[in-house]
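Trainee: I am new to this structure. Please take me through one part of it closely, and then show me where that part sits in the chain.

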Amino acid sequence: MSEISKCSSDGECGSRLCYCNNVVRNRTSWTSKNLGRRFETCAKYKDEGGCHYFMWLDGGLTGPAKDAFCELKQKKEIAEEKVKILEDKLEIAADKLKIADEKVKILEEKLKMLEDNVEKKRLKIFKNVFVVIVVAMLLFVWDKKMAKGGENLYLL
Ligand SMILES: [Zn+2]
């Protein structure tokens, strides 16, 4: 591997290319054994079709730097755990929201049915009142005619 800048088929350039002609990627180890140790690998992961290129870049951290990195790793793990808990809570909240939305939809449908029923009953009452008024008017007119007819009867 030379230090002259080389470019991959994707147009990405760097000092080294891996076995499958990609510019190598610098990474940092998070394992307990090699915590904070830098290495380079193929830019693609093996399951993405990458090659097996791998090379350590340094001997790893020692002393206070290693302790600081250990602390950082623990904080990272705690943060990841918190993120996972929050993601679970978010998922539960999303499920509850979905259930609540469905309940609201059902209640809205019931409300619409009730409103339709109220409207039908209002129309029925209006029809009944109308019929009563018409019958009362007919009776009134008929009563007047009868009264008139009676007078005519007396005249005869
Ligand atoms: Zn490769």
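Mentor: Start at Phe39, which stands opposite Trp56 in strand 5. Strands here are DSSP runs of E with at least two residues, helices are runs of H or I with at least four, and both are numbered from the N terminus. This is a predicted model: local features need pLDDT of at least 70, side-chain atom pairs count only at pLDDT 80 or more, and totals for chains, interfaces and linings use all residues. Residues are numbered from 1 along each chain as its sequence is written.

In strand 4, Phe39 is the bridge partner of Arg27. Now widen the view to the strands. Strand 3 (residues 25-28) and strand 4 (residues 38-41) pair in the antiparallel sense, over four bridges. Strand 4 also pairs with strand 5 (residues 54-56), again antiparallel, over three bridges. Two strands count as paired if DSSP finds at least two bridges between them.

Next, the annotation. UniProt, in an unreviewed entry, marks residues 18-60 as "domain: GRF-type". UniProt positions follow the numbering used here, feature names are shortened, and annotations may be inferred rather than shown by experiment. Over residues 18-60 the chain is 26% strand and 0% helix. The end C-alpha atoms of that stretch are 22 Å apart.

Now the core. The largest nonpolar core has six residues: Leu17, Cys18, Val23, Val24, Cys42 and Ala43. Such a core is a set of buried Ala, Val, Leu, Ile, Met, Phe, Trp, Tyr and Cys residues joined through C-beta atoms within 7 Å. Buried means 20 or more other C-beta atoms within 10 Å of the residue's own, with C-beta atoms placed from the backbone. Take Leu17. Leaving aside neighbours within four places in sequence, Leu17 is in contact with Lys6, Ser8, Asn22, Val23 and Val24. Contact means that C-beta atoms, placed from the backbone, lie within 7 Å.

Step back to the whole chain. Buried residues make up 5% of its 156 residues. From the N terminus on, the elements run β-β-β-β-β-α. The radius of gyration is 44 Å, well over the 15 Å that the globule rule gives for 156 residues, so the chain is more spread out than a compact globule. That radius is taken over C-alpha atoms, and the rule is 2.2 Å times the number of residues to the power 0.38. The C-alpha atoms fill a box of roughly 140 × 40 × 20 Å, taken along the principal axes.

Last, residues 125-142. The unreviewed UniProt entry annotates them as "transmembrane region". Over residues 125-142 the chain is 100% helix and 0% strand.

Conventions
Buried ≥ 20, exposed ≤ 12 C-beta atoms within 10 Å, placed from the backbone. Contact = placed C-beta atoms within 7 Å.
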